[in-house]
Each structure stands twice: as C-alpha cells, then as structure tokens.
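Here is a short note for a colleague who is opening this structure without having seen it before. Please keep the sequence and the 3D view at hand while reading the points.

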Amino acid sequence: MVISMKNMKAIFMKQIIDTLKNKTVFIQFLMFPIMAVIMEKAIRLEDMPDHFFAKLFAVMFAGMAPLTCMSAIISEEKEKNTLRALMMSNVKAWQYLISIGTYIFLMCMAGTAVFAVLGEYRGKELAIFLMVMISGIILSELIGAVIGIYSRNQMAATSVTMPVMMIFSFVPMLSMFNETIKKFARIIYSQQISDLINGLGASEVPFEVSSENMIVIAANFMIGIILFAVIYKKKGLE
C-alpha cells in the first residue's frame with residue numbers, strides 16, 4: 001500500500017512538471033475559464049440570460065478539457081515509451097490511470113471554481129453546479145482514456161479526439177439555436193449537463209433534476225465503462 005501511494009504520488013508530481021512543458025494540455029485548463037471571465041465582464045446584450053457566458057463555457061469546458069487532456073497525456077506517453085518504462089518500474093496500470101485522472105480532475109475543478117464564482121452560485125445551487133460539473137468531468141476523462149489507450153500515437157489520438165470533442169463541447173451550444181440539433185443532442189451527457197446548468201437560477205420554479213437527465217447521464221457512464229473495459233482488455237497500456 002505504501003509503495004502504491006508512493007508510485008501514484010510520483011506520477012502525480014511528474015504530470016505537474018510535464019503540464020508546464022506541454023502547451024497543448026496546459027492551455028486546455030486555462031482557455032475556457034479565461035474566456036468566460038472576459039466575456040462575462042465585456043459583453044452585455046439585451047435579453048441575455050444572467051451569467052450566459054459562464055454557463056456556456058462551463059459546459060464546453062467539461063466536454064473538452066478533461067477529454068482532450070486525458071487522451072493527449074496517455075497517447076504521448078505511449079508514443080514516447082514512458083508508459084513501458086513505468087510498467088517496468090513496478091508501476092501498475094491502475095496506479096497510473098488513477099494518478100493521471102486525479103491530476104486532471106483537480107485541475108478541472110480549479111477551472112470549475114472560476115465558473116462557480118462567475119455564476120454567483122450559493123448554497124444548494126452551488127452544490128448542484130459542482131455535482132453536475134463533476135459528473136461531466138469524470139465522464140469526459142473516461143472517454144479521453146478510451147481514446148488515449150486505443151490510439152497508437154499522438155497523431156492518431158488527435159484525429160479521433162477532435163471530432164469527439166467537437167460533439168461533446170459544441171453540440172450543446174448549437175442546440176441553443178436549433179431545435180433539430182437539440183432533439184438529437186439529448187442522448188449525450190454534455191447536453192444534459194447543459195440543460196441542468198442552464199436551469200440553475202433560470203426561473204422562480206424550483207430547480208429539479210429530471211428522470212431524463214439521470215437516465216441519459218447514467219447510460220453514457222455505462223457505455224463509457226464498457227468501452228473502456230473492452231479497449232483496455234484489447235490494447236492495455238503497453
């Protein structure tokens with residue numbers, strides 16, 4: 001147990017150093033929070049919902065940053081044979097995945113804190129916002145891990161990550177302006193996250209999580225877990 005914690009801490013600290021060198025990953029943690037701050041302060045339109053940009057970029061952040069970072073980190077270390085070296089150094093695959101996942105999760109929660117402040121969430125609304133974002137971040141990490149493990153190298157991972165990331169991060173935004181897109185988007189978790197976040201403080205009607213929200217998010221989790229199990233069994237980390 002002591003060795004496991006030592007290995008996981010070493011991987012965690014290694015990833016902090018690597019992120020400062022990897023601009024592709026580093027910018028993912030900063031881009032949407034910074035954009036949200038700028039847009040919230042700089043743009044005011046008539047009939048625009050309160051904290052529109054904070055909510056919009058929070059959803060895009062949850063759908064893009066964890067997915068892209070998880071995929072990029074795993075595929076890069078596979079390409080550079082860093083994972084093979086780690087496995088030979090008595091680091092277990094689960095230790096590596098948990099360490100990387102925890103690191104990305106904490107970084108994304110720092111960004112989530114920015115959105116929470118911009119959205120002026122308090123009390124129950126803050127708790128709901130955090131839980132919704134946490135579910136989105138974990139799901140995106142899971143999908144990113146599937147892509148990273150499946151891909152042979154960074155280039156292959158990027159070619160898969162881009163269209164998948166576009167679906168989960170941009171479709172909820174497009175669905176705000178197109179009912180047809182929204183109808184089809186309801187089957188993906190990021191659309192349900194968007195509906196939940198946009199429902200916070202949107203009216204005087206008490207906020208409720210619908211059965212559709214829970215079923216779709218749970219179904220997406222199950223699909224993600226099954227895909228991860230299948231791809232990991234087939235490819236592994238080496």
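1. For the helix packing described here, axes are lines fitted to C-alpha atoms over the stretch in contact, and angles run from 0 to 180 degrees between N-to-C directions. In this predicted model, helix 2 (residues 23–42) packs with helix 3 (residues 52–79) at an angle of about 175°, and their axes are 8 Å apart. Because angles over 145 count as roughly antiparallel, helix 2 is roughly antiparallel to helix 3.

2. The residues that helix 2 brings to this contact include Val25, Phe29, Phe32 and Met39, while those from helix 3 include Phe53, Phe57, Met64 and Ile73. Sorted by class, the contact of helix 2 with helix 3 has 19 nonpolar, 2 polar and 1 charged residues.

3. Which residues touch the most other members of the largest nonpolar core? Of its 62 residues, these are Ile74, Tyr96, Ile104, Phe115, Phe129, Ile197 and Leu237. Among the elements that give two or more residues to this core are helix 2, helix 5, helix 7 (154–175) and helix 10 (211–235), but the largest share, 18 residues, comes from helix 3.

4. Glu120 lies in the loop between helix 5 (93–118) and helix 6 (123–150), and the side chains of Glu120 and His51 are joined by a polar contact of 3.3 Å. Glu120 and Ser140, which are 20 residues apart in sequence, are 25 Å apart in space, C-alpha to C-alpha.

Notes
Residues numbered from 1 in each chain as written. Predicted model: local features only at pLDDT ≥ 70, side-chain atom pairs only at ≥ 80, totals over all residues. Heavy atoms only, no water. Helix = DSSP H or I, 4+ residues; strand = E, 2+ residues; numbered from the N terminus. Parallel < 35°, antiparallel > 145°, perpendicular 65-115°, else oblique. Contact = heavy atoms within 4.5 Å. Nonpolar A, V, L, I, M, F, W, Y, C, P; charged D, E, K, R; others polar. Polar contact = N/O pair within 3.5 Å; in protein donor to acceptor, adjacent residues only side chain to side chain. Core = buried A, V, L, I, M, F, W, Y, C linked by side-chain atoms within 4.5 Å. Buried < 20%, exposed > 50% of the residue type's maximum accessible area, 1.4 Å probe, protein only.
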